[in-house]
Amino acid sequence: MENQQYQDCIQACIECIEACNVCFDSCLKEENVKMMAECIRLDRECAEICGMAVTAMQTNSHFVKKICGLCAEICETCGNECKQHDHDHCQRCADACFKCAEACRNMAS
């Protein structure tokens, strides 16, 4: 069970990294980039913490629960920001962030 939980969370984190990277790149190409600044910033932070969470799970770090708890918080924040924008890339990113947040919360509990 625990191994499957790790695998599910790792997969959710990888999907979130990909969605955040696409959103980040796409936001930079939007007409009003300044309006997307917070989304861009959070995309970067979210992708970074997801990467750290993947590494922590793959190496069986003693800090998995804490890292996944922080990852869930950042993913939730990024998802809430992306959800405010009508762009498809933002909506897809929000969905990936919320899915990752849920998987990480399960790891942190």
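## Helix α3 and the basis of the model

Helix α3 has 20 residues and reaches 27 Å from its first C-alpha to its last, close to the 28 Å expected at 1.5 Å a residue, where the expected span is 1.5 Å times one less than the number of residues. Helices here are DSSP runs (H or I, at least four residues), numbered from the N terminus. The model is predicted, with local features needing pLDDT of at least 70 and side-chain atom pairs counting only at pLDDT 80 or more, while totals for chains, interfaces and linings use all residues. Residues are numbered from 1 along each chain as its sequence is written, and side-chain values use heavy atoms, with hydrogens and water left out.

Within α3, the buried residues (under 20% relative accessible area, against over 50% for exposed and in between for partly exposed, with a 1.4 Å probe and protein chains only) are Val64, Ile67, Cys68, Cys71, Ala72, Ile74, Cys75, Cys78, Gly79, Glu81 and Cys82. Asn80 also lies in α3, but Asn80 is partly exposed, with a relative accessible area of 40%. The C-alpha atom of Asn80 is separated by 9.8 Å from that of Gln91, 11 residues apart along the chain.

Helix α2 has 22 residues and spans 32 Å between its first and last C-alpha atoms, close to the 32 Å expected at 1.5 Å a residue. Its buried residues are Cys39, Ile40, Leu42, Asp43, Cys46, Ala47, Ile49, Cys50, Ala53, Val54, Ala56 and Met57.

Helix α4 covers residues 88-108, which gives 21 residues and a reach of 30 Å from first C-alpha to last, close to the 30 Å expected at 1.5 Å a residue. In α4 the buried residues are His89, Cys90, Cys93, Ala94, Ala96, Cys97, Cys100, Ala101, Ala103, Cys104 and Met107. An α-helix has 3.6 residues a turn, so residues three or four places apart point the same way.

## Packing of α2 with α3

Two packed helices are described by the angle between their axes and the distance between the axes. Here the axes are lines fitted to C-alpha atoms, for helices over the stretch in contact, and angles run from 0 to 180 degrees between N-to-C directions. The axes of α2 (residues 37-58) and α3 (residues 64-83) come within 9 Å and cross at roughly 155 degrees, and the two helices are therefore roughly antiparallel to each other (angles over 145 degrees).

The crossing of α2 past α3 is left-handed, a term used if the near helix is turned anticlockwise from the far one by less than a right angle. Contact (heavy atoms within 4.5 Å) involves residues of α2 including Leu42, Cys46, Ile49 and Ala53, and residues of α3 including Ile67, Cys71, Ile74 and Cys78. By class, the residues of this contact divide into 18 nonpolar, one polar and four charged, with Ala, Val, Leu, Ile, Met, Phe, Trp, Tyr, Cys and Pro counted as nonpolar, Asp, Glu, Lys and Arg as charged, and the others, Gly among them, as polar.

## Packing against α4

The axes of α3 and α4 come within 7 Å and cross at roughly 155 degrees, which makes α3 roughly antiparallel to α4. The crossing of α3 past α4 is left-handed, and the residues in contact comprise 17 nonpolar, four polar and five charged.

Between α2 and α4 the packing angle is about 35 degrees, with the axes 12 Å apart, and α2 passes α4 in a left-handed crossing. Cys39, Asp43, Cys46, Cys50 and Met57 of α2 meet Cys90, Cys93, Cys97, Cys100 and Met107 of α4 in this contact, which has nine nonpolar, no polar and one charged residues.

## The loop residue Asn60

Asn60 is found in the loop between α2 and α3 and counts as exposed, at 54% relative accessibility. Most residues other than glycine have a negative phi. The phi of Asn60, however, is near 55 degrees, a positive value in a residue other than glycine. The C-alpha atoms of Asn60 and Arg44, 16 residues apart along the chain, are separated by 24 Å.

Definitions and conventions
Angles under 35 degrees count as roughly parallel, over 145 as roughly antiparallel, 65 to 115 as roughly perpendicular and the rest as oblique.
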